[in-house]
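Let us walk through a protein chain by question and answer. Keep the sequence and the 3D view side by side.

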Amino acid sequence: MKDIMRVKCLLSSDVETLINQQIKKEAHSSAIYLSMASWCNRNGYDGSADYFFAQAEEERLHQLKFFKYVLDMGGNAVSPEITQVKAEYNSFREVFEEALEQEISVTQSIKNIAARCHKEQDFVTLEFLNWFFKEQREEEYKARRAVELFDVIGEEGTGRWQIDKHVGQITYSEA
């Protein structure tokens, strides 16, 4: 029966596995951002907490977009278990540095899916992934700009307060 079902699925087993791994990565990213929001809130960085709450929701929407795509293609989307989410950070800056690292990791993971799709000539999934590449360009830009605020504004005196106020104002424009 499994072979009959695979005929109905427009994704190869390898691509389906990679996308299910991406679903887990997006869910993990959402959980990480919730944890970052909690840390920021506990430490008095309300603007940054709001920023990370929004990021968490966005990652959850990415997870659902991948999930629905697998189902639309006749595959088996797997709801992941999320564990090992860091709850404590050594500094305000570390939170944002790890957020940037997380976005870079997500981008690399999507690139890996695209590379497999190229190899298999899965142009439908490649077209689907284009939306995520544009999204990741924006996400990495915003995360990088947030880290740069620490160098531009500095953390001394009211620096952290200023950074907290400016984080939510970072926008990306394709020009």
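Q: Among contacts in the chain between residues at least 6 apart in sequence, what percentage join residues at least 24 apart?
A: Contact means heavy atoms within 4.5 Å. Take the contacts between residues at least 6 apart in sequence; the share that joins residues at least 24 apart is 76%.

Q: What kind of model is this, and how are residues numbered?
A: This is a predicted model, where local features need pLDDT of at least 70, side-chain atom pairs count only at pLDDT 80 or more, and totals for chains, interfaces and linings use all residues. Side-chain values use heavy atoms, with hydrogens and water left out, and residues are numbered along each chain as its sequence is written, from 1.

Q: How many helices and how many strands are in the chain?
A: Helices (H or I, at least four residues) and strands (E, at least two) are DSSP runs, numbered from the N terminus. From that end, the elements run α-α-α-α-α-α. The count is six helices and zero strands.

Q: What does the C-alpha trace of the chain span along its principal axes?
A: The trace belongs to a chain of 175 residues. Along the principal axes, its span is about 65 × 35 × 20 Å.

Q: What percentage of the residues in the chain are buried?
A: Buried means under 20% relative accessible area, exposed over 50%, and partly exposed in between (1.4 Å probe, protein chains only). Of the 175 residues, the buried share is 43%.

Q: Is Ala56 buried or exposed?
A: Ala56 lies in helix 3 (residues 46-72). Leaving out residues up to four places away in sequence, Ala56 touches Ser30, Tyr33 and Leu34. Its relative accessible area is 4%, so Ala56 is buried.

Q: What distance separates the C-alpha atoms of Ala56 and Ser35?
A: Ser35 has its place in helix 2 (residues 13-42). Ala56 and Ser35 are 21 residues apart along the chain. Their C-alpha atoms are separated by 9.1 Å.

Q: Which residue's backbone oxygen does the side chain of Ser35 reach?
A: Ser35 is buried, with a relative accessible area of 12%. Not counting residues up to four places away in sequence, Ser35 touches Val85, Lys86, Ala87 and Tyr89. At 2.4 Å, its side chain reaches the backbone oxygen of Lys86.

Q: Which side chain makes a polar contact with the side chain of His62?
A: A polar contact is a pair of N or O atoms within 3.5 Å; within protein, one must be able to donate a hydrogen and the other to accept it, and residues adjacent in sequence count only if both atoms are side-chain atoms. His62 lies in helix 3 and is buried, with a relative accessible area of 2%. Beyond four places in sequence, its contacts include Glu26, Trp131 and Glu135. The polar contact, at 3.4 Å, is with the side chain of Glu135.

Q: Which residue makes a side-chain polar contact with Arg93?
A: Arg93 has its place in helix 4 (residues 92-120). Apart from residues up to four places away in sequence, Arg93 touches Val147, Phe150, Asp151 and Glu155. The side-chain polar contact, at 3.1 Å, is with Asp151.

Q: Is Gln84 buried or exposed?
A: Gln84 is in the loop between helix 3 and helix 4. Its phi is positive, about 55°, although Gln84 is not a glycine. Its relative accessibility is 76%, so Gln84 counts as exposed.

Q: What is the phi of Gln121 near?
A: Gln121 lies in the loop between helix 4 and helix 5 (123-153). Gln121 is exposed, with a relative accessible area of 57%. Its phi is positive in a residue other than glycine, and is near 55°.

Q: How far apart in space are Asn76 and Glu94, C-alpha to C-alpha?
A: Asn76 is found in the loop between helix 3 and helix 4. Asn76 and Glu94 are 18 residues apart in sequence. In space, C-alpha to C-alpha, they are 37 Å apart.
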